[in-house]
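Please examine the sequence and the structure shown below.

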Amino acid sequence: MEETYLLNVEGVKKKILHGGQGELPKLQDGSKITFHFQTLKDDFERTVIDDSREAGIPMEIIVGKMFKLEIWETLLSSMRAGEVAEFWCDAIHTGMYALVSRGMRRIAEGQDPLEGQKHRCGMGNMFDYHSTGYDDLDELQRTPQPLIFIMELFRVEEPSAYKRDTWAMSKEEKLAAVPVLHSEGNRLVLCKEFGQAAAKYQEAVICLRNLQAKEKPWEDGWLKLESLVTPLVLNYCQCQLELGEYYEVLEHTTELLQKHNADNAKAYFKRAKAHAAVWNEREAREDFLRVAHLDPSMAAAVKKELKQLGERMRKKHVEDRKRYQGLFKLPQGP
């Protein structure tokens, strides 16, 4: 089945290779489109530039999230589920393809697609960096040309029909997701599923950090978000204590305390427990004593922890002494 259509877009022609089913999708901001694609040059050999099937997983884009190659949303909106179509696109639509392809290739190679780029728009980066790192893409970047896209549409999912990645959420969606993730984390802690609980807390923190990036540091909006971050980080640290990831706890609690939580007794308490676990006796004692000073209601818990720390350290000193004595003991003769 091959039918050629002129879409209502200048410089685009469509040929249906295999018909699809159902109605044309109704795309809206946040819809997720899943598809396979192949990119070819418009030359005699129809040279293949990229093929998503080689990576083994289909491509996904979120509508309205400023995907650099805007024409793809237009092409996909003309397809039905299961349809395979070939699109010829003039150079006016393909000028950004080299940058898009570079990012996709780096992701497939397990690299950061933004590594080395300055904080500028895509076109600015194109002028700053004369090479994409791929010879064929450098050629496209120097000389934009018509390209052929062969696409197979699998499905279009509405925003409410799938679990959205944090980056794809709006500000309102991120704020709404945070208490849900917090609650899920608490439930998993009660079930002693500490690894899964930590992941929920971490996801909630990422939502808030993304929102913070759009606020001016230390102003009201930023501080309000930071107040939501702190309990999530502390819950995350508690999970890491249970999992034995003590240096992870030291890193996050120290960061909290150095920012503007210098009087947070819970952060000191968790850091003290992490110090104790890795035999940092002096640091552990200092943090435990600071907890008792900041929050007298925790004095009993601190006393218990200090007693346990003293017993563990004495036991360790005895074991170390025996070990060192054995090291320097001369072997007996026959």
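The buried residues of helix H8 are Phe194, Ala197, Ala198, Tyr201, Glu203, Ala204, Val205, Cys207, Leu208, Leu211 and Gln212; buried means under 20% relative accessible area, exposed over 50%, and partly exposed in between, with a 1.4 Å probe and protein chains only. The model is predicted, so local features need pLDDT of at least 70 and side-chain atom pairs count only at pLDDT 80 or more, while totals for chains, interfaces and linings use all residues. Residues are numbered from 1 along each chain as its sequence is written, and side-chain values use heavy atoms, with hydrogens and water left out.

Helices (H or I, at least four residues) and strands (E, at least two) are DSSP runs, numbered from the N terminus. Helix H8 covers residues 194-212, which is 19 residues, and spans 27 Å from its first C-alpha to its last, close to the expected 27 Å; the expected span is 1.5 Å times one less than the number of residues. An α-helix has 3.6 residues a turn, so residues three or four places apart point the same way. The cover over the buried residues of H8 includes helix H7 (171-190) and helix H9 (220-243).

Leaving aside residues up to four places away in sequence, Glu305 touches Phe269, Lys273 and Phe288, where contact means heavy atoms within 4.5 Å.

The aromatic rings come next. The whole structure contains seven aromatic pairs. Rings of Phe, Tyr and Trp (its six-membered ring) pair if their centres lie within 6.5 Å; planes under 30 degrees apart count as stacked, over 60 as edge-to-face and the rest as tilted. Phe35 and Trp72 form an edge-to-face pair, 5.7 Å centre to centre with 85° between the planes. Phe35 lies in strand S3 (residues 32-41) and Trp72 in helix H2 (residues 71-77), so this pair ties together parts 37 residues apart in sequence. Both Phe35 and Trp72 are buried. The rings of Tyr97 and Phe149 have centres 5.8 Å apart and planes at 50°, so that pair is tilted. Phe35, Phe37, Trp72, Tyr97 and Phe149 form one aromatic cluster.

Finally, the charged end of Lys13 sits over the ring of Trp88, 4.9 Å from its centre; this requires NZ of Lys or CZ of Arg within 6 Å of the ring centre and within 35 degrees of the ring normal.
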